[in-house]
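The following dialogue asks how the terms of structural description are applied to one protein chain. Each answer sets a value against a definition.

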Amino acid sequence: MANYLPVFTVLLLSLCELQAKSCDKKTSCSCKSSDGVLDLKPGAIKGTKFQDVASSDGSLYSYNPCYSFDETDPSLPPQFDNCKSVAACQLVPAGVGGTPQLYDIGTQASASFSYKDGASIDQPKLGEVLTVTYLAADNARSTTVILQCDPTEDFLPVGEIQSSTPPVYVFVYSSPNACFKPSGLSAGSVLLIIFICLIAVYLIGGVLFNKLKRGNSGKDLIPQRQLWVSLPGMIKDGVFFVVKRGQYHPIK
C-alpha cells in the first residue's frame, strides 16, 4: 500500500500546477491567471471586427472578441437571419440554386477561458494553448478561439472540426493584447502559493505514509512529530544563544 504515496504526491503537485495554468474570467474578453491579466479590450471595436473571412471549409466567418454584433444577408428572409447579438457567426454561401445560411456559433455572455491540449481541437502541433470558447444561444454550436500573443494582429478561421457533434468551430486570434500583462500578484505571492502547495504535499503525503506504511494512528500520523514538538524549545534556545552571545546554556 505504500506504493500509493508517490501517486498521491504527484496528484497533489499536479493540482497545484493546474491551478497555476487556469485563467479566471473577468469579462467576455479578459481573464486573470498567475501570469497576469489578459485583456483584449484595448484593440476592440464595436460592430463586426472581422467580417466574412474565408476558411478552408468553404464558409465565411465573422468574429468580435469583445462586443456583440448582428450580421444580416439581404437575400435571406428575416427568420433566417440567425446572427443576432453574437460573438461569432458562420455564413455558408449559397450553392447552385440555393440560398445562403447564417448561423450563430457563439455569444459573448457564454465566453469561458481555459487551457486546452491542441489535439482536442484538431490542432495537435500547437501543444497546450489558452482558449476562449463561446456557445451559441440555442446550444447547437460552439466556437473555440485560440489566443496567441503576437506583435501583429491577425485572425484565422480554421473552420469546423470534422465529425464534431454538435459542430465545433476553431479560430486563431493573434494580437499583442493576447499577451499577459503583470497584475497585482507579486513574486512574493507566487512564492507563497508554491510554499503552501509544498506544505500541503508534505503534510498529506506524510500522513498517508505514516498510516499506510507504518500503521500509525492519532497524533502519530503527524509527519516527524517529535521534531515539531521540540521545535519551540529549539527556537527558544536559539534566541537566548544569540541574545547572550553564546553564554546561554539551556537548563537540562
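Q: Which residues does Tyr202 touch, not counting residues up to four places away in sequence?
A: Tyr202 touches Pro223, Gln224 and Trp228. A contact is defined as heavy atoms within 4.5 Å. The C-alpha atoms of Tyr202 and Pro223 are separated by 8.0 Å, and the two residues are 21 residues apart along the chain. Tyr202 itself is found in helix H2 (residues 187–212).

Q: What kind of model is this, and how are its residues and atoms treated?
A: This is a predicted model, in which local features need pLDDT of at least 70, side-chain atom pairs count only at pLDDT 80 or more, and totals for chains, interfaces and linings use all residues. Residues are numbered from 1 along each chain as its sequence is written, and side-chain values use heavy atoms, with hydrogens and water left out.

Q: What makes up the confidence picture of the protein chain?
A: The predictor's confidence in each residue is its pLDDT, from 0 to 100. The mean pLDDT of the protein chain is 83, and 84% of its residues reach 70 or more. Over residues 1–5, pLDDT stays under 50, and the model has 6 contacts beyond four places in sequence for them.

Q: Why is Tyr202 called partly exposed?
A: Its relative accessible area is 26%. Buried means under 20%, exposed means over 50%, and partly exposed lies in between (1.4 Å probe, protein chains only). Tyr202 is therefore partly exposed.

Q: Is Ser55 buried or exposed, and how do you know?
A: Ser55 has a relative accessible area of 12%, so it counts as buried. Ser55 has its place in the loop between E4 and E5. Ser55 touches Tyr61, Pro157, Val158 and Gly159, not counting residues up to four places away in sequence. In the whole protein chain, buried residues make up 33% of the 252 residues.

Q: How are the strands and helices of the protein chain identified, and how many are there?
A: Helices (H or I, at least four residues) and strands (E, at least two) are DSSP runs, numbered from the N terminus. The protein chain comes to 3 helices and 14 strands.

Q: How do you know that E1 and E2 pair?
A: Two strands pair if DSSP finds at least two bridges between them. Strand E1 (residues 24–27) and strand E2 (residues 30–33) have 3 bridges in the antiparallel sense, so they pair. A hairpin of 2 residues joins E1 to E2.

Q: Why is one side of strand E4 and of strand E9 left without a neighbour in the sheet?
A: The open sheet of 4 strands has the order E4-E5-E8-E9, with antiparallel pairing. Strand E4 (50–54) and strand E9 (101–104) stand at the edges and each has a single partner strand, so one side of each lacks a neighbour. Inside this sheet, strand E5 (residues 60–63) and strand E8 (residues 88–92) run antiparallel and are joined by 4 bridges. Tyr61 stands opposite Gln90 in E8.

Q: Which strands are the edges of the sheet with mixed pairing?
A: The open sheet of 5 strands has the order E10-E11-E12-E14-E13, with mixed pairing. E10 and E13 are the edge strands, each pairing on one side only. E10 and E11 pair in the antiparallel sense over 6 bridges, and the bridge partner of Ser114 in E11 is Thr131.

Q: What makes a group of residues a nonpolar core, and which residues have the most contacts inside the largest one?
A: A nonpolar core is a set of buried Ala, Val, Leu, Ile, Met, Phe, Trp, Tyr and Cys residues joined through side-chain atoms within 4.5 Å. The largest has 25 residues, and those with the most contacts inside it are Leu40, Tyr63, Val132, Val145, Leu147 and Phe171. E5, strand E11 (128–135), strand E12 (142–149) and strand E14 (168–175) each supply at least two residues of this core.

Q: What kind of peptide bond joins Thr165 and Pro166?
A: The bond is cis, with omega about -5°. Pro166 is found in the loop between strand E13 (154–160) and E14.
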